[in-house]
Amino acid sequence: MEYVIEMLNITKDFPGIRANDNVTLQLKKGEIHALLGENGAGKSTLMSILFGLYQANSGVIKVRGEKVEINSPNDANALHIGMVHQHFKLVHNFTIAENIVLGKEDTKHGFLKMDEAIDKIQKLSDQFKFNINPNNIISDITVGMQQRVEILKMLYRDAEIMIFDEPTAVLTPQEIEELMSIMKELVKEGKSIILITHKLKEIKAVADRCSVLRKGKYIGTVDVKTTSVEQMAEMMVGRKVLFNVKKDDIEIGNGVLKVQNLDIHSKEGKHVIKDVSFDVKAGEILCVAGIEGNGQTQLVEAITGLNPHYSGKIFIHDKEITHSSIRNRTLSGIGHIPEDRHKHGLILEYSLAENMILQSYFDEEFQTHGFLKFDAISNHTNDLINRFDIRSGRGEKTIVRSMSGGNQQKAIVAREFDRNPDLMIAVQPTRGLDVGAIEYIHNQLVKLRDQNKAILLVSLELDEVMSVSDRIVVMYEGELVADVDPKKVTENELGLYMSGSKRGDMK
Ligand SMILES: Nc1ncnc2c1ncn2[C@@H]1O[C@H](COP(=O)(O)OP(=O)(O)OP(=O)(O)O)[C@@H](O)[C@H]1O
Ligand SMILES: [Mg+2]
């Protein structure tokens with residue numbers, strides 16, 4: 001039997017949208033099979049059907065040649081199918097071991113056989129060089145480690161078929177490398193893997209074959225070795241994608257954001273930002289580069305007012321905002337695309353329209369005498385949906401939680417760009433987006449800069465840092481350790497600054 005999984009003619013409808021339209025996916029034993037498609041193309045839906053979270057309206061699933069019904073994740077587990085979700089599903093105050101056995105607790109005389117479980121987990125961890133301690137608490141470990149817990153959860157349940165939904169979107173470059181070798185190790189052990197990712201480089205690096213979806217439809221399956229990145233991108237979006245950002249030199253203006261001697265201690269007393277000073281000028285895209293966890297998050301929290309506990313001064317133009325509320329900072333002309341779109345970007349239970357006016361519902365445009373103007377809000381949202389190509393089932397009325405991850409991100413980007421801020425703080429703005437959407441957002445950032453606005457871009461992606469920014473500062477352990485010109489610096493040199501092996505001059 002060549003195929004371990006066959007999904008044949010799968011169709012799935014949600015209110016207002018056909019998420020999968022007669023889709024076919026065939027997974028060979030021992031292969032890494034990439035699933036590629038634009039935001040909202042139906043990838044997560046298809047995999048949720050295979051994992052028993054959704055039922056298809058029609059179509060057939062065969063596992064090792066046998067036709068099966070998968071009505072719940074328990075059915076999927078019984079068929080040795082496991083899944084690591086786009087947003088992890090771990091209990092944060094439980095230990096690693098407790099999370100892994102959850103739902104599959106073996107007992108003896110009514111008592112949990114925890115010691116045996118811990119033993120088995122440790123063995124699996126050693127076998128795949130995961131380097132975890134089963135007794136650690138989830139909230140104390142890094143995102144990369146949390147992902148390993150999710151993988152261990154699958155191994156603990158003897159999964160033979162493993163689904164990874166955008167596993168690298170939340171990882172650092174180093175962790176991505178490690179995950180790639182883990183995947184190769186897993187297929188060597190005879191596992192079969194379905195990998196969803198927007199990063200074509202990763203597909204090139206690990207996948208054997210790649211199936212492409214576009215707007216819910218199956219486009220085709222290609223052999224990765226003989227297919228170029230450009231060809232895959234074109235299959236996916238239906239047109240050629242430019243991988244380089246087009247940018248002309250423009251005159252740099254006055255400072256828009258000024259940060260002076262910013263110093264922050266975390267709640268635990270750690271010195272997380274150490275006397276940081278810098279400007280972002282009109283007509284400039286300044287990128288803060290660095291490895292995750294070197295103070296970028298705290299820096300942005302201070303400037304946006306999410307955390308007011310710091311010393312030092314912050315100015316927008318010449319107005320001091322050091323002690324201003326978040327709302328007043330927003331009104332002073334700060335736009336913010338936050339790092340965590342679920343925590344700080346959106347209210348998931350609200351509709352798309354409601355989310356589009358979170359910072360402006362009190363504007364005359366949207367209310368009179370305390371009453372919302374629903375027609376105006378609706379028109380405004382539909383305008384953003386069209387301009388930014390936000391795809392969902394029910395348009396402005398869609399509850400944001402049901403939108404695909406990438407389209408949630410596009411909604412935030414639309415709202416923040418539309419406010420036309422003097423300073424745009426964009427933190428990982430293209431995380432989870434397809435190549436077409438990334439191209440679009442990069443062009444929007446450049447357009448904003450060409451209108452003499454200032455952009456503070458925080459990014460972990462070296463490709464993005466190098467192609468979009470006009471100037472790069474590198475953050476390492478809470479300090480700015482270099483200030484460089486992207487046209488002159490090499491990726492290698494940036495890597496040295498980022499890892500703390502080298503220090504440059506601060507201008
Ligand atoms: N539970 C749901 N209720 C209603 N609509 C849904 C639900 N889940 C998904 N959809 C819709 O189905 C379509 C496909 O979504 P899906 O999450 O499968 O996309 P995706 O290919 O994984 O995209 P992304 O790359 O952005 O994660 C989207 O338009 C989405 O709005
Ligand atoms: Mg998805």
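Visitor: What's the strand order of the open sheet of six strands?
Guide: First, this is a predicted model: local features need pLDDT of at least 70, side-chain atom pairs count only at pLDDT 80 or more, and totals for chains, interfaces and linings use all residues. Residues are numbered from 1 along each chain as its sequence is written, while chains are lettered from A and ligands numbered from 1 in the order in which they are written. Strands (E, at least two residues) and helices (H or I, at least four) are DSSP runs numbered from the N terminus, and two strands pair if DSSP finds at least two bridges between them. The pairing here is mixed, and the order is 18-21-22-15-23-24.

Visitor: Which residue in strand 21 is the bridge partner of Gly 335?
Guide: Strand 18 and strand 21 (residues 423-427) run parallel, joined by four bridges. In strand 21, Gly 335 is partnered by Met 424.

Visitor: What angle does the direction of helix 14 make with that of strand 18?
Guide: Helix 14 packs on this sheet, touching strand 18 and strand 21 (contact means C-beta atoms, placed from the backbone, within 7 Å). Angles run from 0 to 180 degrees between N-to-C directions, with axes fitted to C-alpha atoms, for helices over the stretch in contact. Against strand 18, the helix comes out at about 170 degrees.

Visitor: Which residues of helix 15 meet helix 14?
Guide: Helix 14 (residues 405-418) and helix 15 (residues 435-450) pack with their axes 12 Å apart, at an angle of about 15 degrees. That makes the two roughly parallel (under 35 degrees). Helix 14 brings Gly 406, Lys 410, Val 413 and Phe 417. Facing them in helix 15 are Ala 437, Ile 441, Gln 444 and Leu 448.

Visitor: Is strand 3 buried or exposed?
Guide: Ile 32, Ala 34 and Leu 36 on one side are buried, and so are His 33, Leu 35 and Gly 37 on the other. Buried means 20 or more other C-beta atoms, placed from the backbone, within 10 Å of a residue's own. Six of the six residues in strand 3 (residues 32-37) pass, so the rest of the structure largely encloses it: buried.

Visitor: Which residue in strand 11 partners Leu 36?
Guide: Strand 3 pairs in the parallel sense with strand 11 (residues 209-214), over five bridges. Leu 36 has as its bridge partner there Val 212.

Conventions. A residue is buried if 20 or more other C-beta atoms lie within 10 Å of its own, exposed if 12 or fewer, and partly exposed in between; C-beta atoms are placed from the backbone. Angles under 35 degrees count as roughly parallel, over 145 as roughly antiparallel, 65 to 115 as roughly perpendicular and the rest as oblique. Two residues are in contact if their C-beta atoms, placed from the backbone, lie within 7 Å.
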